[in-house]
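Welcome, and thanks for taking a look. Please have the sequence and the 3D view open side by side as you read this short briefing.

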Amino acid sequence: MASNSYHVLRHAPSFTHILLVSSVLRIALVVYSEWHDAHSVVKYTDVDYRVFSDAAHFILNPSPGNHAEGPLARHFNVGSPYTRATYRYTPLLAVLLTPNDWLHPSFGKILFAGCDILAGLLMYELLVSIILPNAQRSKPQSEAQKDGKGATAPASGADSTRRLATFLVSLHLLNPLVFTISTRGSSESVLSLFVLATLYYALKQRWDISAMFLGLSTHWKIYPFIYGVACLGVIGRQGREGTGVTVFTRSIVNQQTIRFALISTTTFLALGAAMYAIWGQPFLEESYLYHLTRLDHRHNFSPYFYLVYLTYPSASSPPEHILWKRLLRSPLTSFVPQMTLALGTGLLFGRRREDLVFSWFVQTFVFVIFNKVCTSQYFLWYTLFLPLLVPRLSMSSRRALVYGAVWIGTQALWLSEAYKLEFQGQNVFFGLWIRGLIYVVGNCWVLAGIMDTYCRSSSV
């Protein structure tokens with residue numbers, strides 16, 4: 001970073017101040033949400049939060065029509081969160097939010113906001129202790145010499161690292177999308193915290209703890225399992241040199257990688273078994289199987305939504321007997337390009353610990369773009385890594401602004417058409433799908449640009 005940037009950062013707020021402002025902002029929004037919801041027809045609180053709260057209420061209030069169905073359910077006097085229609089999550093979420101029922105309805109919002117703050121703390125620790133020092137070492141020689149002009153200035157030591165870390169974390173903590181989603185009652189911040197904890201211990205090379213958090217993250221929501229591929233690549237690569245199929249195979253399958261896979265899989269299965277033991281088959285069907293076979297005909301950013309809309313089965317629809325049409329309409333078909341890209345990029349880029357952030361970012365980006373359902377809150381899954389990735393990007397401010405404009409502009413283009421459908425009732429499904437394809441192409445171009453500007457570390 002140039003010396004003038006260090007001069008600017010010298011006058012930036014401290015990390016403590018950023019945490020304080022972020023906390024006060026979230027508390028204020030939670031308090032405001034109570035007032036707003038009481039005085040407005042259009043609620044500030046996310047509809048999913050009401051689903052969570054109802055599920056928590058059902059757990060605490062079993063009845064003849066509301067009871068857990070697992071093999072060990074008779075030993076627990078609890079109801080089933082799945083009594084609440086559209087609850088498609090792990091029972092752990094409903095258990096966490098039981099204070100909504102006996103303490104205060106906004107307890108869950110405070111919990112989610114708190115997870116935002118804890119995620120910021122993890123980001124800061126990673127930036128200061130690992131990512132920023134590694135990024136400085138990975139700079140091209142010409143850049144390092146250019147920055148070296150201010151190397152003796154007071155602002156270019158540990159203090160500048162802390163201030164740069166503070167600035168980068170503030171991009172997350174003060175991001176309107178982040179604090180709005182958590183204070184409206186979305187549980188994404190809990191998963192974000194689990195994923196960051198997985199990354200934190202992976203970069204610290206505490207692989208057993210990282211594996212347990214990966215298992216927990218995957219239990220909470222399926223998609224983080226894709227990060228396991230990159231982790232296995234990093235673990236297997238340690239202490240091994242050379243190229244070729246044999247070396248590659250041994251780097252993937254060895255004692256260390258098997259240990260990591262066993263710990264993460266055992267954690268995932270143990271949590272699943274515990275939930276099944278209490279809540280039974282509804283847990284499997286609603287938390288996991290539903291998402292595999294889900295067909296959502298409502299408009300969203302996904303390139304598949306229009307096809308789903310046109311072929312969505314009705315009660316009177318005859319069964320399809322032509323194989324290729326059945327495959328085309330199957331909700332599992334969309335997993336082929338999505339998993340190929342998400343797992344393939346993990347194998348390709350997940351070979352060194354220094355590149356884990358980059359690998360996870362790329363994996364998540366392509367996973368979201370090609371998911372069969374894609375909404376705005378899914379963007380948090382990959383923007384979570386941006387503050388940790390920025391130090392390794394060699395990108396001009398002008399180029400960054402162009403990428404940001406394309407990313408925001410393609411969403412705005414889609415949203416302007418979606419407004420006509422949702423609020424004016426116009427039949428613009430085809431035009432909305434075309435704009436969705438523009439969104440996909442634009443985001444792929446942005447991702448390619450970010451990949452092009454990524455600076456790999458010279459260390460192995």
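Which helix gives the largest share of the nonpolar patch? That would be helix α15 (residues 281-293), from which three residues come. Please keep in mind that this is a predicted model.

**The whole chain**
- The protein has 23 helices and zero strands.
- Its length is 460 residues, and 47% of them count as buried.
- When contacts between residues at least 6 apart in sequence are considered, 77% join residues at least 24 apart.
- The protein has an accessible surface of about 22,300 Å², and carbon and sulfur atoms account for 65% of that.

**The nonpolar patch**
- On the surface, Tyr276, Leu284, Leu289, Leu292 and Leu332 make up a nonpolar patch. Their accessible area together is about 410 Å².
- One of the patch residues, Leu289, sits in helix α15. Leu289 has a relative accessibility of 43%, which lies between the 20% and 50% limits, so it counts as partly exposed.

**The nonpolar core**
- As background, nonpolar side chains tend to be buried together in soluble globular proteins.
- Here, the largest nonpolar core holds 108 residues. The residues with the most contacts inside this core are Tyr87, Leu199, Leu356, Trp360, Phe361 and Leu388.
- With neighbours within four places in sequence left aside, Trp360 is in contact with Val195, Thr198, Leu199, Tyr227, Ala230, Cys231 and Phe385.

**Aromatic rings**
- The count of aromatic pairs comes to 40.
- In one of them, Phe268 and Tyr288 have ring centres 5.8 Å apart and planes at 55°.
- Are the two partners buried or exposed, or something in between? Phe268 is partly exposed at a relative accessible area of 22%, whereas Tyr288 is buried at 12%. The cut-off for buried is under 20%, which is why the two fall into separate classes.
- Ring pairs also join Phe301, Phe361, Phe365, Phe379, Tyr382, Trp407, Trp414 and Tyr439 into a cluster.

How values were computed:
Residues numbered from 1 in each chain as written. Predicted model: local features only at pLDDT ≥ 70, side-chain atom pairs only at ≥ 80, totals over all residues. Heavy atoms only, no water. Helix = DSSP H or I, 4+ residues; strand = E, 2+ residues; numbered from the N terminus. Buried < 20%, exposed > 50% of the residue type's maximum accessible area, 1.4 Å probe, protein only. Contact = heavy atoms within 4.5 Å. Areas by Shrake-Rupley, 256 points an atom, 1.4 Å probe, with all protein chains shown as cover. Patch = residues over 30% accessible without salt bridge, like charges linked within 9 Å, V, L, I, M, F, W, Y side chains within 5 Å. Salt bridge = Lys/Arg side-chain N within 4 Å of Asp/Glu carboxyl O. Core = buried A, V, L, I, M, F, W, Y, C linked by side-chain atoms within 4.5 Å. Phe/Tyr/Trp six-rings, centres within 6.5 Å; stacked < 30°, edge-to-face > 60°.
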